[in-house]
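Have a look at the sequence and the 3D view, then read on.

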Amino acid sequence: MSLTGKYDQQNIFAKILRGEIPYAKVYEDEHILAFMDAFPQSPCHTLVIPKKPSRNLFDIEPQQLTAVITGVQKISAAVEKAFSPDGIIITQFNGEAAGQTVFHLHFHIIPKFPELTMQRHGRGQMAEMNVLLEQAEKISAAL
Ligand code: AMP
């Protein structure tokens, strides 16, 4: 898939936004949704997405992008407060060649814990929903 093209209404995050599949919600407002990554690279791996259909970083109005990145900052701070990682990695991929697998813009918030090896991008194991819900609740409570 190229960086331009049509937004696919059947992508997995569009389904999450429509409430068609289960997910562990962390935060929602009129512009953004944050939820736990189902295949975490590290425990508490969180995703932030715009509600507006946008394929990637080049497919969103600056004003909407401001809401998304402000959300990333706010939710990262809550992850830090809730789980005290050593550091937090923020990533974002544009296009299949760059490693993007879900074609709805998203930022990854990946905490780094000293005792744990981080999984490579796209190589995480599927997490238990009850674990994700517990983590989401703790991050949400720290907001
Ligand atoms: P990317 O590879 O940057 O496009 O990231 C897509 C992310 O979505 C990956 O980290 C996946 O683990 C994650 N993901 C895929 N399906 C789901 C799902 N159903 N719920 C939550 N996260 C998902």
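Where is the place of Q135? Q135 sits in helix 3. Before going further, some ground rules: this is a predicted model, where local features need pLDDT of at least 70 and side-chain atom pairs count only at pLDDT 80 or more, while totals for chains, interfaces and linings use all residues. Residues are numbered from 1 along each chain as its sequence is written, and side-chain values use heavy atoms, with hydrogens and water left out.

**The overall layout**

The protein chain has three helices and five strands. Both kinds of element are DSSP runs numbered from the N terminus, helices being H or I with at least four residues and strands being E with at least two. Going along the sequence, the order is α-β-β-β-α-β-β-α.

How does the overall size look? For 143 residues, a compact globule would have a radius of gyration near 15 Å, and the 14 Å of the protein chain agrees with that. (The radius is taken over C-alpha atoms, and the globule rule is 2.2 Å times the number of residues to the power 0.38.) Along the principal axes, the C-alpha atoms fill a box of roughly 40 × 30 × 25 Å.

Of the 143 residues, 42% are buried. Here buried means under 20% relative accessible area, exposed means over 50%, and partly exposed is in between, using a 1.4 Å probe and protein chains only. A contact means heavy atoms within 4.5 Å. Among the contacts with a separation of 6 or more, 64% join residues 24 or more positions apart.

**The nonpolar cores**

A nonpolar core is a set of buried Ala, Val, Leu, Ile, Met, Phe, Trp, Tyr and Cys residues joined through side-chain atoms within 4.5 Å. The largest one has 21 residues, and V26, M36, V48, I75 and I139 have the most contacts inside it. Strand 1 (25-28), strand 2 (32-36), helix 2 (62-83), strand 5 (107-112) and helix 3 (129-141) each give two or more residues to this core. Helix 2 provides the largest share, five residues.

Which residues does I139 touch? Not counting residues up to four places away in sequence, I139 touches V26, M36, T46, I75, A78, V79, A82 and F83. There is also a second, separate core of seven residues, with F13, I16, F35 and I49 among them.

**The largest pocket**

Rolling a probe the size of a water molecule over the atoms shows where empty space is left. The largest pocket in this model has a volume of about 470 Å³. A pocket is found on a 1 Å grid over the protein atoms alone, as an open set of points where a 1.4 Å probe fits, with protein on both sides within 12 Å along at least five of seven lines; lining residues have an atom within 4 Å of a point. Grid points are joined across faces, edges and corners, and the volume is the space filled by probe spheres set on the points.

This pocket is lined by 29 residues, and F13, D37, A38, F39 and L47 are the closest to its centre. Helix 1 (12-17), strand 2 and helix 3 each give two or more residues to the lining, and helix 1 gives the most, with three. The lining divides into 17 nonpolar, ten polar and two charged residues.

**A few residues up close**

Back to Q135: this residue is buried, with a relative accessible area of 13%. Leaving aside neighbours within four places in sequence, Q135 is in contact with M36, P43, C44 and F83.

C44 lies in the loop between strand 2 and strand 3 (46-50). C44 is buried at 2% relative accessible area, and its phi is near 75 degrees, a positive value in a residue other than glycine. Most residues other than glycine have a negative phi. S84, in the loop between helix 2 and strand 4 (87-91), also has a positive phi, near 45 degrees. S84 counts as exposed, at 53% relative accessibility.

T91 is part of strand 4. Apart from neighbours within four places in sequence, T91 is in contact with H106, F107, H108 and I110.

Here are some pairs, with distances taken C-alpha to C-alpha:

| Pair | Apart in sequence | Apart in space |
|---|---|---|
| R120 and P40 | 80 residues | 9.5 Å |
| Q135 and L65 | 70 residues | 26 Å |
| T91 and H121 | 30 residues | 9.6 Å |

R120 from the table lies in the loop between strand 5 and helix 3, and R120 is exposed, with a relative accessible area of 59%.

Notes. Ala, Val, Leu, Ile, Met, Phe, Trp, Tyr, Cys and Pro count as nonpolar, Asp, Glu, Lys and Arg as charged, and the others, Gly among them, as polar.
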